[in-house]
Amino acid sequence: MNRSDCMENPHLLVYQEVKHENLLRKISIFKHLSHKSLQVIEKRIQTFELKKGDQIISEDEVARGVYFVHSGAVKLTKEDENGNEIIVCVKQKGDAFAEACLFTQKTERYPATATMLQEGKIIFLDKLELEQDLYANPELAMQMISYMSDALREMTSQLRDVALLDVYAKTVKTLERLGNKFNTGQNRWNIEIPLTVQEFATVVGTTRESVSRVFSKLKKESIIDLKSRKIVILDWCGLCTLLNREY
């Protein structure tokens, strides 16, 4: 099922006005808010149970709200001039996406297409309602600004890596960054990244063949393995020391 507008999909399970504070505490922006501030958000949220491959939003849609990953994982993609999909970033539990549509002075469209990488639960907040709450609640506004600042800093680091590092270093750095996202249990072995080699190559900003050569080397060193459309980090400590060893 690939629907560009999950808000109008009758097959999705929608729960309005969820009253459970624990639901919001798992979202980075909301986890440190006071109970009073959370009550402002609780009455507005909608949640969606989505399966792997379900499309949440499309970059050609008018933006109507902001989304938060309660569980599962989401890939944000754009198309190049030839129609090829490029993965801009991956969002994991606790992350927000489509927040760039807030406080614009014109009709704004979503900056990327969002698709479920793993089944999970997505929280939706209407754009206009959230803007009103941010104006009225300084604590909530500061948390949103802090989150967007961190996201911008991370994106700047990714752009630096793509521009300045060679393929080997870019691949290892991307593995480390995505490993941190999906290593929710702080494991040192068998950390699964739900991307194919081709999808991973678009994140790195290089060709599949270039990434495959690096992966072959890492497999020989028992750092990673590839199976079932996933990249598995077998030795986290070994991965983290690779760049220090090579440079």
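Reader: Is Cys 101 buried or exposed?

Author: In this predicted model, Cys 101 is buried, its relative accessible area being 0%.

Reader: What is a disulfide, and how many are found in the whole structure?

Author: A disulfide is a covalent bond joining the sulfur atoms of two cysteines. In this case, a search of the whole structure returns zero disulfides. For Cys 237, the closest cysteine sulfur belongs to Cys 240 at 6.6 Å, which is too far for a bond. The cut-off for a disulfide is a sulfur pair within 2.5 Å.

Reader: At what angle do helix 3 and helix 4 cross?

Author: An angle of 65 to 115 degrees counts as roughly perpendicular. Here the axes of helix 3 (residues 127-136) and helix 4 (residues 138-164) cross at roughly 110 degrees and come within 5 Å. Helix 3 is therefore roughly perpendicular to helix 4.

Reader: Which residues does the UniProt domain annotation cover?

Author: The unreviewed UniProt entry carries the annotation "domain: Cyclic nucleotide-binding" for residues 29-151. In the model, that span is 26% helix and 34% strand, and its end C-alpha atoms lie 12 Å apart.

How values were computed:
Residues are numbered from 1 along each chain as its sequence is written. This is a predicted model: local features need pLDDT of at least 70, side-chain atom pairs count only at pLDDT 80 or more; totals for chains, interfaces and linings use all residues. Side-chain values use heavy atoms; hydrogens and water are left out. Axes are lines fitted to C-alpha atoms, for helices over the stretch in contact, and angles run from 0 to 180 degrees between N-to-C directions. Helices (H or I, at least four residues) and strands (E, at least two) are DSSP runs, numbered from the N terminus. Angles under 35 degrees count as roughly parallel, over 145 as roughly antiparallel, 65 to 115 as roughly perpendicular and the rest as oblique. UniProt positions are given in the numbering used here, feature names are shortened, and annotations may be inferred rather than shown by experiment. Buried means under 20% relative accessible area, exposed over 50%, partly exposed in between (1.4 Å probe, protein chains only).
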